[in-house]
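I opened a new notebook page for this one. Here is what I looked up, entry by entry.

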Amino acid sequence: MSATYTLDTSTSRANPTPAPMRRLTIPSIRARKVDGVTAEPIVMLTAYTARQAQLLDPHCDMLLIGDSLGQVIYGLPSSVPVTLDMMIAHGAAVVRGSYHSAVIVDMPFGSYEESPAQAFASASRLLKETGAAGVKLEGGAAMAETIAFLGARGIPVCGHVGLTPQAINMLGGYGPRGKSEAEAAKILADARAVADAGCFAMVVEGVLPELADTVTAAVACPTIGIGASATCDGQVLVTEDLLGMFERTPRFVKRYADLAGIIGKAAAEYASEVRTRAFPGEDQLYGKRT
Ligand code: KIV
């Protein structure tokens, strides 16, 4: 019997996962930025399902199970109601659907802010039950102790500064942050704090380009921009935004496709054919009627 895959049984620490399971690692993502320079920008997209992961995986360095799934998948009003169980279910699906990208999972609101110990309990569940390689959490200096605590215990953390959507009830909207000098200085200090705490990368969301450039130059780890600047060390978008699944295109999004239009057209054609009994046709039937 010929083997269709091989298991790495070389050492007790080998990953006994069928080849071609050659994922990018978190250290390899961190190592993209050397002495402040990232020669090859990091490509990250959100993914929530196995099939979506399969389609995106060959093109990405990182897949993020974003808590934006609250709005995108579940129709929730914000990411605030998203639970750990939701993140685990979708995280496991994305890991199953990918073999190349490093996969990271968002820590949902309420699962990490209370204490480093609470964050460790939540993050270890996320890694154990999804197979993801790291977590992302929102916040600046207030989260530095937690990021260091997780890192020291084997959990790589991606930071997230600037616009932090889980704080929507404090912010009052999703507009760009750091417009005033004081707020820009706070965001820069937050970025420095999470970088110094050891995060392997950080998302910089919804800030003016000059501030994103300053943050990128100020921190050793890679910055991943969204609504930020092309000089960030990488970029991330919510996949449904770039696919054109929604009617309004926010300024920071580029629509690379019109999936909403394609889906609407296909559904309209199907509905019309069902109503006129044109579907199913002969080709869709198991054999000819006698
Ligand atoms: O939840 C999310 O999808 C995110 C990205 C937009 C960075 O945090």
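This is a predicted model: local features need pLDDT of at least 70, side-chain atom pairs count only at pLDDT 80 or more; totals for chains, interfaces and linings use all residues.

I went to Pro280 and found it in the segment after helix 11 (259-275); helices here are DSSP runs of H or I with at least four residues, strands are runs of E with at least two, and both are numbered from the N terminus. Phe279 and Pro280 are joined by a cis peptide bond, with omega about -5 degrees.

Residues are numbered from 1 along each chain as its sequence is written, and side-chain values use heavy atoms, with hydrogens and water left out.

Entry two, the domains. I noted domain 1 (3-257) and domain 2 (261-290), with bounds from an automatic or database domain assignment. Their C-alpha centres lie 41 Å apart.

I checked Asp35, which sits between strand 1 (33-34) and strand 2 (37-38). Its phi is near 50 degrees, a positive value although Asp35 isn't a glycine.

Which residues surround the ligand? I listed Thr46, Leu64, Gly66, Asp67, Ser68, Asp106, Lys136, His160, Val203, Ile226, Val236 and Val238, each with a heavy atom within 4 Å of it. Sorted by class, that shell has 5 nonpolar, 4 polar and 3 charged residues; Ala, Val, Leu, Ile, Met, Phe, Trp, Tyr, Cys and Pro count as nonpolar, Asp, Glu, Lys and Arg as charged, and the others, Gly among them, as polar.

I found a polar side-chain atom of Ser68 at 2.5 Å from a ligand oxygen. For Asp67, a polar side-chain atom is 2.9 Å from an oxygen of the ligand. Asp106 has a side-chain N or O atom 3.1 Å from a ligand oxygen. On its own the ligand has 260 Å² of accessible area, and the protein covers 95% of that (Shrake-Rupley method, 1.4 Å probe).

Notes
A polar contact is a pair of N or O atoms within 3.5 Å; within protein, one must be able to donate a hydrogen and the other to accept it, and residues adjacent in sequence count only if both atoms are side-chain atoms.
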